[in-house]
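Subject: Structure handover

Hello,

Here is the structure I promised you. Please open it first, then read my notes below.

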Amino acid sequence: MEMEEIVEEETCGKHENMVEITVKTIGPARPSRLHVPSSIKVLDLRKLIARKNHLPVENLKLILQGKVLHDRADEDDIYVRFNDGDSLIVAVKPKAPVGLDIDDDDEDLKFQLPQSTSQWKKKLYSFLRNRMKLPDIVLMAIFSLGLKAWALIIFWFTLAPIAHKLDLGPLYILGTGFCLIFLNLGRRQPGDVSAYSIFNEDFRELPGTLNADAIDRDMRTGQL
């Protein structure tokens with residue numbers, strides 16, 4: 001079966017180093033040949049294939065040598081380099097049923113930085129994720145903490161060896177636990193009642209509190 005040949009006329013005059021690749025779309029479509037620059041943006045390549053094959057660009061997944069090609073990383077466009085004769089696999093994600101907002105893209109399930117994040121944080125995130133291969137739960141813990149929290153963590157680890165040398169390690173850990181409990185205690189608004197009656201005026205209990213008096217009262221009235 002002969003392959004249909006596709007030539008992108010717009011790029012032929014702009015790039016001298018053109019290569020021919022084979023585009024294989026998953027499904028009944030025939031493989032096709034595509035002339036592209038040897039180095040091209042993934043986003044431009046996706047748009048080119050979508051336009052030539054009349055496919056929805058947002059539902060296309062491009063796979064080269066077993067790796068999914070992404071359009072951007074840290075707000076920077078990603079370029080892909082082709083050699084003459086390379087094969088590119090194109091997968092089209094099915095549309096979600098009408099009325100359902102379903103997105104099965106695994107990238108949406110991963111931890112991602114907000115768009116307003118500073119550039120140095122994006123570079124650090126890319127290094128930790130792509131180079132260090134840290135899991136998403138660790139990345140979430142790292143980037144969810146503020147500078148004040150990180151300063152306290154560094155200060156704690158600085159004092160830990162000193163406490164160990166003075167044989168105060170257990171007390172140091174216990175003190176840290178009590179400090180964490182104290183710092184995470186919320187402030188009650190006027191009129192709010194604590195779940196612990198000892199902190200309330202006249203030791204007033206919350207409605208429905210189960211204690212010895214309530215059990216005795218229920219037994220005397222025959223409710224138990």
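This is a predicted model: local features need pLDDT of at least 70, side-chain atom pairs count only at pLDDT 80 or more; totals for chains, interfaces and linings use all residues.

Start with helices α5 (residues 147–165) and α6 (residues 169–183): their axes come within 9 Å and cross at roughly 150°. Axes here are lines fitted to C-alpha atoms, for helices over the stretch in contact, and angles run from 0 to 180 degrees between N-to-C directions. That crossing angle makes α5 roughly antiparallel to α6 (under 35 degrees counts as roughly parallel, over 145 as roughly antiparallel, 65 to 115 as roughly perpendicular, the rest as oblique).

Residues are numbered from 1 along each chain as its sequence is written, and side-chain values use heavy atoms, with hydrogens and water left out.

Which residues meet where α5 and α6 touch? From α5 come F155, W156, L159, A160 and A163; from α6 come G169, Y172 and T176 (contact means heavy atoms within 4.5 Å). By class, that contact has 6 nonpolar, 2 polar and no charged residues (Ala, Val, Leu, Ile, Met, Phe, Trp, Tyr, Cys and Pro count as nonpolar, Asp, Glu, Lys and Arg as charged, the others, Gly among them, as polar).

Next, the loop between α5 and α6. D167 lies there. Its phi is near 60°, a positive value in a residue other than glycine. Is D167 buried or exposed? D167 has a relative accessible area of 66%, so it is exposed (buried is under 20%, exposed over 50%, partly exposed in between, with a 1.4 Å probe and protein chains only).

Q65 also has a positive phi, about 55°, and is not a glycine. Q65 sits in the loop between β5 (60–64) and β6 (67–68). Q65 is exposed, because its relative accessibility is 70%.

Now the record. An unreviewed UniProt entry annotates residues 137–157 and 169–186 as "transmembrane region" (positions use the numbering here, feature names are shortened, and annotations may be inferred rather than shown by experiment). In the model, residues 137–157 are 90% helix and 0% strand, with end C-alpha atoms 22 Å apart.

Last, the whole chain. It has 7 helices and 10 strands (DSSP runs numbered from the N terminus: helices are H or I, at least four residues; strands are E, at least two). Of its 224 residues, 24% count as buried.

Best wishes
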